[in-house]
Amino acid sequence: MMKAFSIRNSKRLGEQRFVARITTLIGMLFAVHLGGQLSLADEPPNIVLIIADDMFADDFGFMGNRDVLTPHIDRLAARSARFINGSVPTSVCSPSLATILTGLYPHQSGLHFNHPPPGNSAFNQMSLVDEYERTRSESFEIIRNLPTLPRILADERDYLSLQTGKFWEGKFSNAGFTDGMTIFEPVPGQSFGGNRTLKNKQLAAHGNGDWGLKIGRETMAPIETFLNDHPSSPKLIWYAPYLPHQPHDSPQRFYDLYRNRDSVPEHKIPYYASITQFDETVGQLVDIIEERNLTRKTLFVFVIDNGWEASEERSRSRPEEFDHTRTSKRSPFEPGLRTPILLSWDGVTVPETHDQPVSSIDILPTVLSVFNLNGYDSQLPGVNLWKAACGEETLDADRVLFGEIYPGDAKTLGHPEDHIAYRWAKHRSMKLIVVHEQDDSAPWGRYLTEDALFDLKTDPNETTNLIDVPAYREQADLLRSQLDHWWDGNTSELLFSPSTSTSSEK
């Protein structure tokens with residue numbers, strides 16, 4: 001039975017205006033034999049996904065930052081296979097989280113936006129909660145009709161799964177979670193996020209997690225309850241707290257750790273305090289697992305949803321803290337895209353640092369490969385990292401990574417090609433960013449106005465465009481060809497497309 005961890009009961013979301021259909025490629029991706037036995041354990045492992053929200057990739061002790069305090073994450077890293085040169089395909093939370101859930105690029109799944117039509121500002125101008133919920137809910141049909149990690153594990157391995165924290169897809173069950181905190185209802189009195197105030201001052205769920213955002217900031221109890229209620233079942237836990245995401249309003253004791261430290265500038269103190277608060281909750285989560293003697297039966301996966309770097313510009317809405325740099329969140333630049341990935345299963349994975357390029361698109365095929373799902377990892381666009389994590393092989397250092405950047409608002413559903421703002425490809429130190437204009441206007445965000453090629457080794461801040469330098473022409477042409485092949489090979493069969501049918505809540 002599905003269970004929502006909140007004070008209030010979930011209500012029916014209402015009839016939807018359309019239903020998503022699954023195309024031929026879905027069958028190709030997911031019609032695989034699922035009868036194999038686990039080859040690495042006598043019983044299936046619990047899986048704990050830990051997802052940091054808005055954080056710079058280097059802001060951990062294990063990544064070399066000696067000012068920020070992350071002792072609990074550092075201890076997890078010390079026992080993990082550490083993939084330190086990771087990227088996310090896109091630099092904003094909703095489509096990045098969808099990539100982790102589905103193993104698909106945003107342009108494959110159709111989940112390329114934070115806000116579906118008519119967009120965030122238009123939602124705020126609505127006066128009726130019913131109208132807002134009905135309109136906002138249309139996009140939930142996409143995730144309902146896609147195979148996701150919790151849905152696959154529930155269907156094929158009888159897993160129970162708990163959603164906590166950041167989640168943009170309405171009620172937790174829409175993505176196949178059996179239990180969860182997010183129910184697409186407003187949270188009276190919650191000041192740090194999850195709510196939307198409509199034009200007539202009525203409160204509605206913002207759409208990014210509502211009750212689920214209490215995890216980490218106010219409580220860890222839902223995770224303990226879930227584990228206590230299901231002591232013998234294999235379990236998946238989605239831990240995506242609204243941390244270190246703004247507002248950077250951590251308790252004073254976290255601020256005090258950074259006061260009067262000459263090496264920490266003022267504009268980083270609120271952000272660092274929030275990082276250490278997040279780190280403490282990761283320690284609490286690991287303790288919850290260890291206290292139940294589940295450590296040797298649990299695979300921990302750690303990743304960042306998108307980058308965030310503190311600037312020296314104060315926030316207009318909260319002058320006591322600071323905004324992010326223009327080159328981080330939402331941008332096609334490295335501070336918005338980089339992330340480490342950790343894989344830790346005591347006695348199975350090998351604690352070692354891997355510096356080959358990896359992507360969060362790799363997480364789903366890697367986790368599923370633990371279950372020996374025959375051929376599954378080869379049908380997804382990501383790379384299976386499992387053998388590398390277990391010390392059995394070395395990853396390809398010549399791998400090309402790809403990604404895509406979109407506006408936060410979508411004008412339509414099912415047409416990511418009409419929204420794309422930037423596409424990028426990375427090979428070793430070279431990075432190509434291709435600019436896309438929409439409606440004959442300047443590229444969204446104006447991060448770039450023309451295509452750019454950067455050498456990240458000599459120009460890590462991506463300031464010197466080499467696209468027109470003759471010595472780099474061959475490299476630029478090759479990366480562009482690979483980027484176009486990646487894009488055209490996937491968008492030709494979009495996995496989601498709208499239908500005029502309706503569907504009742506599942």
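Visitor: Why does Asp-398 count as partly exposed?

Guide: This is a predicted model, and the label rests on a computed value. Asp-398 has 39% relative accessibility; buried means under 20% and exposed over 50%, so Asp-398 falls in between and is called partly exposed.

Visitor: What makes the contact between Asp-398 and Arg-428 a salt bridge?

Guide: The N to O distance between the side chains of Asp-398 and Arg-428 is 2.7 Å. The cut-off is 4 Å between a side-chain nitrogen of Lys or Arg and a carboxyl oxygen of Asp or Glu, so the pair qualifies. Asp-398 lies in the loop between α14 (386-389) and β16 (400-405), and Arg-428 in the loop between β17 and β18 (430-435), so parts 30 residues apart in sequence are tied together. Arg-428 counts as exposed, because its relative accessibility of 56% is over the 50% limit.

Visitor: Which residues do salt bridges with shared partners join into one network?

Guide: Glu-334, Lys-426, Lys-431 and Glu-462 are joined in this way. In the whole structure there are 22 salt bridges.

Visitor: Is Lys-426 buried or exposed?

Guide: Lys-426 is buried, because its relative accessible area is 9% and the limit is under 20%. Lys-426 is found in strand β17 (residues 422-427). Beyond its neighbours within four places in sequence, Lys-426 is in contact with several residues, including Ser-87, Arg-399, Val-400 and Leu-456.

Visitor: What joins the side chains of Lys-426 and Glu-334?

Guide: A polar contact of 2.9 Å joins them, and the cut-off for such a contact is 3.5 Å between N or O atoms.

Visitor: How do you know that the charged end of Lys-431 sits over the ring of Trp-424?

Guide: The charged end of Lys-431 is 5.8 Å from the ring centre of Trp-424.

Visitor: Why is the aromatic pair of Tyr-271 and Trp-308 called tilted?

Guide: The ring centres of Tyr-271 and Trp-308 are 5.0 Å apart, with 40° between the planes. Stacked pairs have planes under 30 degrees apart and edge-to-face pairs over 60, so this pair is tilted. Tyr-271 lies in helix α11 (residues 269-291) and Trp-308 in the loop between β10 (298-304) and β11 (310-314), so parts 37 residues apart in sequence are tied together. Tyr-271 counts as buried at 2% relative accessibility, and Trp-308 is buried with a relative accessible area of 2%.

Visitor: How many aromatic pairs does a search of the whole structure find?

Guide: The search finds 20 aromatic pairs. Ring pairs also link Phe-333, Tyr-422, Trp-444, Tyr-447 and Phe-454 into a cluster.

Terms used
Residues numbered from 1 in each chain as written. Predicted model: local features only at pLDDT ≥ 70, side-chain atom pairs only at ≥ 80, totals over all residues. Heavy atoms only, no water. Phe/Tyr/Trp six-rings, centres within 6.5 Å; stacked < 30°, edge-to-face > 60°. Helix = DSSP H or I, 4+ residues; strand = E, 2+ residues; numbered from the N terminus. Buried < 20%, exposed > 50% of the residue type's maximum accessible area, 1.4 Å probe, protein only. Lys NZ or Arg CZ within 6 Å of the ring centre and 35° of its normal. Contact = heavy atoms within 4.5 Å. Polar contact = N/O pair within 3.5 Å; in protein donor to acceptor, adjacent residues only side chain to side chain.
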